[in-house]
Amino acid sequence: MEENAMKKTLALILALVCILSLAACGNTAAAPEETKSAESAEASTAPAEPIHIQFGHDNLPGEPLTEAAEFWAERLKEVSGGTMILDVYDSSSLGSKNDLLDQLLAGDAVMVVGDGGFATDYGVADMGITMGPYLFENWEQVDKLVSSDLWADLKSQMAEAGMTIVGDNWQYGARSTMATKELASPADFAGLKIRVPGNTVQVEGMEALGASPVTMGLSEVYSALQQGTINAVENPLSTLLANSFDEVCKYCVLDRHVYQIQFVVIGTEFFNTLTEEQQNWLIETGTEAGVYQNKLMQEAEANNIQALKDRGVTVTEADYAAYAEAAKSFYTDSKTSAAWSEGLYDRVLAIING
């Protein structure tokens, strides 16, 4: 009896050992699945890397546009909860406007400040009219155009050409002229070696006045004026002052030949990789920044005129009608106007004068 009892006890112990071993094996086999689940959960809760967009422009620190770009970066970071970051580069430090346009058209996460002149050279000919000489007489006329169906169509053309506008309410400023000699009338522009940006529209706009425009980067202008390579430069007053051109140009004519609509573009290819929410964040904060920029620009205008006078610059008001008449051939005889849609000039006039 004792022997049989011992055999039963041993059998029971062996059975228990087998059961425990199988349980252990089962737990071991399940471990990889549990590990995978834990890893998946961790991956799903890990924060995504923020989207970085490089924003390059030509303006110097302290200018309204530079301050607005920095304001935009702050607002986008705030609105997106830090998931979208604008890396702002002023003073052409990221590259020239043409370089940046080429990069964004190639699909890079790049934004650049543009205008109708550069849009023309990149395939949207009708946008060039916005940079035509003496088209607008005030900002109210500019606002009428930007609120029109024509402007909406032009924005669509830009997007189709690979450049999506994400900020179109930026008033860059009224462009006037500084020179090393007095410019008392349109006739004084004959043969004037004046620096203009590197686009066809602004070259032909100055040629319509009889000037001899020279294209070069803004950073090269000061030394070119010193050396006599050029004898005039044009830009909004804030930019002229920020670059200290008053040190080499003692005459300024407030001809306001372009009330410049400025827009910020991003590559359509990259823009379409963003979610609808991210696109809205970018556009909405860009519009806020445009309002901020315009306020700074308009507040600075009167102060800039006095600042030029205080620095010894002779400042004169231009006879706008006389200059507009002198440059009228741009709208009929230039290569730029020849590329426009039929009736574009008359359509724009009807909008801004309506």
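**Rings, then a helix**

I searched the whole structure for aromatic pairs and got 12; rings of Phe, Tyr and Trp (its six-membered ring) pair if their centres lie within 6.5 Å, with planes under 30 degrees apart stacked, over 60 edge-to-face and the rest tilted. I looked at Phe55 and Trp72, an edge-to-face pair with 5.5 Å centre to centre and 75° between the planes. Phe55 sits in strand β1 and Trp72 in helix α2, so this pair ties together parts 17 residues apart in sequence. Helices (H or I, at least four residues) and strands (E, at least two) are DSSP runs, numbered from the N terminus. Both Phe55 and Trp72 are buried, meaning under 20% relative accessible area, with exposed over 50% and partly exposed in between (1.4 Å probe, protein chains only).

A caveat for myself: this is a predicted model, where local features need pLDDT of at least 70, side-chain atom pairs count only at pLDDT 80 or more, and totals for chains, interfaces and linings use all residues. Residues are numbered from 1 along each chain as its sequence is written, and side-chain values use heavy atoms, leaving out hydrogens and water.

I also noted one aromatic cluster, formed by Tyr134, Phe189, Tyr320 and Tyr323.

Next I checked helix α6 (residues 149-160). Which of its residues are buried? I found Leu150, Trp151, Leu154 and Met158. The face turned away from the buried side of α6 carries the exposed residues Asp149 and Glu160. Just after α6, Gly162 takes a positive phi of about 100°.
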